[in-house]
Amino acid sequence: MTGRTPLFAVLGPLRIHHANETVEVSGALRRNLMATLLLHANEPVSIDALVEILWREPRSPETLGRLQVLMHRVRALLDEPDRLTAESGGYRLRVGNDELDSQLFCALLDRAGAHAHDPGRCIGLIREAIRLWHGAPFEGIDLPDLAAEIQRLSERRLAALEQLFAAELRAGRPQVVLDELPALLHRNPLRERLHELLITGLYHAGRRGDALGAYRDARTVLVDELGLDPGPDLRRLEAQILAGTEIEPVSPADTAAVPRQLPHDVRAFVGRADELSRLDRFAAATGTARICAVVGGGGVGKTALVVRWAHRILESFPDGQIFIDLQGYGNDEPVAARDALATVLRALGVEGSAVPAAPAERAALFRTLVARKRLIIILDNAGGSEQVRPLLPGAPGVFVAITSRDALAGLAARDGALRIELAPMTAGESGSLLRELLSDHPAEPEAAAELAQRCAHLPLALRIAAERIRAHPGHRIRDLVAELTGEQSLDLLDIEDDPRISVRAVFASSYRLLEPETAQLFRMVGRHPGFEVDAYSAAALIGSVDPRATGRRLERLARANLVEQTALRRYHMHDLLRAYAVELSETVDDVADRAAALERLLDYYLQTASSAAVRIDALDEEIHTEKTAVARVFDTHAAALEWLDVERDSMVRAALLAGATHFRRATAPGRGDPGYYAVGLSRALGWYLDLGWYLDDAWALHTTAVEVARDRGDLIGHGLALRHLAMLKARREDRTGAFHDMRTAAAVIATCGDTVTEAAIIGSLGMLHAHDGRTAEAVRHLWRCVEMYRSAGCRSRTHWPLAHLGLLLLGQGRPDRAADCLHESLALAEEYNSLPSQAHALYGLASLYSDRARYDQALRHGHRAVAMARASRMRLLEGLALYHLGTVYQAMGDTEQAGRRQNDSLAILRFIRAGR
């Protein structure tokens, strides 16, 4: 050490010391520039980084000009202008040894540590280092990039003062400690180490009572501020004083530097208030070591959350922070627990030669060293529970935060870890982050919302997207949104000069850990046309005959956060992961394998939808398909409806994809043609979609089926798709189109010789006439339908035309004939378990008995009609039956019951009229 004043001073106001004068750097821009160059002394700082730091604007000719002028002014402050040079696309400030006070400060402390066993020499070096301080580091400069350096220097100064007072006690000068330490303790009341030094100093000065009082003061502060009792060292110190035993001066080994390994806080951190609060509450708990696992998918912001929280509560853990990247998902080999333990031990002051060779001994030494400390340990990027378990202490003062893409369920179950599952950001949080990152860009709220959705609300993707916008002057948010389509989205969401910082790289690091069967499942789930899969549809995609085994693989993907569980055993993949899965599939799976996966999925959907449609009595006859091992069967009407509700969107999307694929392929008609499934699903889902008033889905599906069936030469499929399209047009009040399509369907089917199908279409034509008020025509067509079913030996299907005939005949004033039809329909519907026909027949019989003033029977049948309509989910019929019940109660003089039923009826009918 030269003893002269360093040229550059940052330990206080920013100053430059020349031979004869000291220059305090004035002007915010000059101070910010000089501080940045000194922070990166002897390293080039890019022009883009400097422009961003100084003006928060993208690089432009104007900002470059301003930067050059500013550089000229800064050079004028230097003793040698050529210290500041332009190179490598940036600027570098040359700083020699001992020319920067912060570097000299650290060098002096390093020398003091080397002389720890010589108290006098150690004291002299530390005091020389402390004299370099003239205020807070980089005083008056507010730059986010300086925060970590300011924290590091401030913490090292505190640790140096602790080392100084320990050396003064070893030198036998407790009064020096008592003169200087109280002011420092007043500013840092939560540092237990300072309390220990003060109490020891008082005791060695012969002030035993004051030493015990200082312990009581320390305990009060720690309990009031942290809710924690003093640590083991302080308690041991009190016990020694009470026992009157000799207290040894603090040994050099106790003065090791406190580890300060916490990474810098992330810029523009928004949201996550609930998660931060949970961490706060958990950290405040007492008892055993606190272990928290923050788990979630790649790029969701796990590390940023933990680091942000750790920066907020540094004072609560005065013994430091240890941060280790376990590389559980990187390109390199994961860090073994034994190696991680060696790193932690060295951070805690253990010399390399003293680190035990055996992993168990390393773990034991680690637990011993931290037993009396208040320490944060962050284990980042853990690959699984076993990788971190040896690094878990038992000390109550240690907080361990683990981040992982694995669910770490074992860590929660066995080790009592708190699991925080970090999901993608909310729409509001994503918007706030983009506004913060693009604060110098014009607001584009709609485009920003779309960008957030395209980025799957992942913080990493949003930050990369914002950086891409900032890097291209004049680039708008909506310009990037237009480019983010399909696989290209992954190309755009990366950083060219750092291949590790990309969405694709993050996903790849998780994917490469999957076993081959699970990796195939991941790729195939990405090809699923819907939004969700379950074990059955996933099994169909990969050709598995064991849905349970496939379900376990889906759970493995969920634990790896490559899919998200949205409901019980149902899984979703966000758009970016889907794009990555499809990209992989295009590379790994050949065309034939991809086509076979789609066909298996369509086969599963067609078989299971047909089974469900038969169960809810929504088919005129069962569709005959080859049975596969994954097809579902349903025991009840409700179970079939529930499955249809859950899978509706996926099946419609699959059918539309099948139709589009049909027109892209030159395949002969048959089961190998995807068009077969588009037509089949139109038939299987037709009545269900009509039942739920899913009119948009029905329109897309049936129009596709009409075109595909016509192209395939499938007359039966063509006729049935036209039949469903005609009923849909009737729902939309297009009567002309409805009659045209239904008559065309009847003509097409008549050429096929399929009496049963023709009967169904004739009956549907009768229903159209009924809706149009042409009762006579409706009755004629429905009678013909019944006769055709009977002549074809298909008695089981006559219940539905008979029920409608009964209602029409009742309206024509032919009650006896109506009664025959309704009773026969009800008997057949009960025999074949058709809930819809039971509901219609019961509604008709309730009307019949009401007309005959047989109100008890009318009520009995009316209540049954409501129950059956509700179970069948026939909302219109439920509303009509409720209204009729109200008229019966009214006729009986029960106005309260009448009003209640009619109000319920009007609520249903208004709901239907509003759009259902």
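## Helix packing, sheets and cores in a predicted model

Tyr-855, Ala-858, Leu-859, Gly-862, His-863, Ala-865, Val-866, Ala-869 and Arg-870 of helix α38 meet Leu-877, Glu-878, Ala-881, Leu-882, Leu-885, Val-888, Tyr-889 and Ala-891 of helix α39. Contact here means heavy atoms within 4.5 Å. Helices (H or I, at least four residues) and strands (E, at least two) are DSSP runs, numbered from the N terminus. The model is predicted: local features need pLDDT of at least 70, side-chain atom pairs count only at pLDDT 80 or more, and totals for chains, interfaces and linings use all residues. Residues are numbered from 1 along each chain as its sequence is written, and side-chain values use heavy atoms, with hydrogens and water left out.

Helix α38 spans residues 855-872 and helix α39 spans residues 875-891. Their axes come within 9 Å and cross at roughly 160 degrees. Axes are lines fitted to C-alpha atoms, for helices over the stretch in contact, and angles run from 0 to 180 degrees between N-to-C directions. The two helices are therefore roughly antiparallel to each other. Angles under 35 degrees count as roughly parallel, over 145 as roughly antiparallel, 65 to 115 as roughly perpendicular and the rest as oblique. The crossing of α38 and α39 is left-handed. A crossing is left-handed if the near helix is turned anticlockwise from the far one by less than a right angle, and right-handed if clockwise.

Helix α27 (residues 591-615) packs against helix α28 (residues 637-664) at an angle of about 140 degrees, with the axes 9 Å apart. These helices are therefore oblique to each other. On the α27 side, the contact includes Leu-598, Leu-602, Tyr-604, Tyr-605 and Arg-615. On the α28 side, contributors include His-637, Trp-643, Leu-644, Glu-647 and Met-651. The crossing of α27 and α28 is left-handed.

Trp-643 also features in the largest nonpolar core, which holds 133 residues. A nonpolar core is a set of buried Ala, Val, Leu, Ile, Met, Phe, Trp, Tyr and Cys residues joined through side-chain atoms within 4.5 Å. Buried means under 20% relative accessible area, exposed over 50%, and partly exposed in between (1.4 Å probe, protein chains only). Trp-309, Leu-451, Leu-493, Phe-507, Phe-522 and Trp-643 touch the most other members. Leaving aside neighbours within four places in sequence, Trp-309 is in contact with Leu-276, Leu-279, Asp-280, Ala-283, Phe-317 and Phe-399. A second, separate core of 81 residues includes Ile-53, Tyr-91, Leu-161 and Leu-212.

Tyr-91 also belongs to strand β6, where it stands opposite Val-45. Strand β6 is part of an open sheet of three strands in the order β4-β6-β5, with antiparallel pairing. Strands β4 and β5 stand at the edges, each with a single partner strand, so one side of each is left without a neighbour in the sheet. Two strands pair if DSSP finds at least two bridges between them. Two bridges join β4 (residues 45-46) to β6 (residues 90-93). Four bridges link β5 (residues 84-87) to β6. In this second pairing, Thr-85 stands opposite Arg-92, and Leu-84 has Leu-93 as its bridge partner. Strands β5 and β6 form a hairpin with two residues between them. Ser-88, in the turn, has a positive phi of about 50 degrees. Helix α3 (residues 61-75) lies across β5 and β6, running at about 150 degrees to β5.

Another open sheet has three strands in the order β1-β2-β3, again with antiparallel pairing. Here β1 (8-9) and β3 (22-24) stand at the edges, each with a single partner strand, so one side of each is left without a neighbour in the sheet. Two bridges join β1 to β2 (residues 15-17). Ala-9 stands opposite Arg-15 in β2.

Positive phi values were also found in loops. Asn-561 has a positive phi of about 60 degrees although it is not a glycine. Asn-561 lies between α25 (547-559) and β15 (564-567). This residue is partly exposed, with a relative accessible area of 23%. Glu-733, also not a glycine, has a positive phi of about 65 degrees. Glu-733 sits in the loop between α31 (715-731) and α32 (735-750). At 58% relative accessibility, Glu-733 counts as exposed.
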